[in-house]
Amino acid sequence: MSVDLQSQARFDVDAESRRFPLQSNAWSATAARAQLHYVSGKGGTGKSTMAAALALALAAQGRRVLLVEVEGRQGIAPLFGFDSLPPTETLIETTERGGEVIALPIDVSHAFLEYLAVNYKLGIAGKALKRMGLVDFVTGLAPGLKDVIITGKIMECVEAVNKDKSRVYDAVVVDAPPTGRITTFLDVTTAMAELAKGGPIVQQADRVASLVHSEQTMVHLVTLLEALPVQETLDAIAELRAKDFHLGAVIVNRASERLLPERVASDAANGVVDAAVLESYLRKVGLDPSAAEGLRREVIEYAVRYQAQSECAAAIERAGVEPLTLPSLDGGVDRAAIEEIARKLAEQGVE
């Protein structure tokens, strides 16, 4: 059977009938109260972009937000127009309501020297160890020690207070490791506490474990509506729930908008689009009918892609998750794109 695009559908389906709406209630009251937000996702899904946009969306409410990077890639810097950033807190953005985004790309060696200085009074001696290359040797020798140092540094930022005892940061957003190791990363302090016999490491591990398992901490997952990212997201959801971490939002990035009614899209996904009908439609609107065959192929390609995304979205919904949904944006990811994504997150209740 052929699809009569003239009588059955318009190409400009309105926003309220799209399969992937931009309005949702996926940002829970618990997420709104949380202070620490980890953002994870399979590589290539845009997790660093989403972490930056989330930090900006929270800062837009007038908050002072720390945006932390833990993988040493300097991925935050170019998003805000910087070539690179130092391993210390650096103001990178201000908002109309007085909010601020401060960046902190955590350098493990730098953080380890801070740890030695605070807990073992090894200020000058610690710097000597670094010059001798022993800091990198030690952090690479003990499995999980790097993650312990990183999570400990994040905890210090969360707990930091001003002279009047108010929090230095209203929120801390972490561009976290990918979903394949996010649960191990968050739970590393528990494993280290079991190995250590006592002292500052165990004390820090206990405090970090308490923080990351509390309602102060939310873990948000970024995915594309593609088979591999969705499966990895579903696995991460199951692992996080099994370990009693608090799942925040699942952010669906680059979702296709619905441009055809369901029946038309379903038939087109099976290759059923009448080129003669398209020719007639093109003539009616004053376009060259010879473009009908190319348009027919584009309609089919779109419908196949849309159908696959619909199946992936249904799998996420079956996991009991209502996602935040973001469309594809034209152009590359730059400061303007981050601002646009932050606005779209705010439209969906992020505050």
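Colleague: Let's start with a cysteine. Is Cys-157 buried or exposed?
Modeller: Cys-157 is buried, at 4% relative accessible area. Buried means under 20% relative accessible area, exposed over 50%, and partly exposed in between, with a 1.4 Å probe and protein chains only. Cys-312 is buried too, at 11%.

Colleague: How many disulfides are there?
Modeller: A search of the whole structure gives 0. The test is a pair of cysteine sulfur atoms within 2.5 Å.

Colleague: What kind of model is this?
Modeller: A predicted one, where local features need pLDDT of at least 70, side-chain atom pairs count only at pLDDT 80 or more, and totals for chains, interfaces and linings use all residues. Residues are numbered from 1 along each chain as its sequence is written, and side-chain values use heavy atoms, leaving out hydrogens and water.

Colleague: Give me the overall build.
Modeller: The protein has 15 helices and 8 strands. These are DSSP runs numbered from the N terminus: helices are H or I with at least four residues, strands are E with at least two. Of its 351 residues, 47% are buried.

Colleague: What sits in the largest nonpolar core?
Modeller: That core has 45 residues, and Tyr-38, Val-68, Ile-154 and Val-174 touch the most other members. Helix 8, residues 145–159, gives the largest share, 8 residues. A nonpolar core is a set of buried Ala, Val, Leu, Ile, Met, Phe, Trp, Tyr and Cys residues joined through side-chain atoms within 4.5 Å.

Colleague: Which residues does Val-68 contact?
Modeller: Leaving aside neighbours within four places in sequence, the partners of Val-68 include Ile-76, Leu-104, Ile-154 and Asp-175. Contact means heavy atoms within 4.5 Å.

Colleague: Now Asp-187. Where is it?
Modeller: Asp-187 is in helix 9, residues 182–195. This residue counts as buried, at 16% relative accessibility. Beyond four places in sequence, Asp-187 touches His-213, Lys-243 and Phe-245.

Colleague: And the largest pocket, what lines it?
Modeller: There are 13 lining residues, with Leu-56, Ala-60, Thr-95, Glu-96 and Arg-343 nearest the centre. Helix 3 (47–59), strand 3 (90–94) and helix 15 (335–347) each give two or more residues. The largest share, 4 residues, is from helix 15.

Colleague: How is a pocket defined?
Modeller: On a 1 Å grid over the protein atoms alone, a pocket is an open set of points where a 1.4 Å probe fits, with protein on both sides within 12 Å along at least five of seven lines. Lining residues have an atom within 4 Å of a point.
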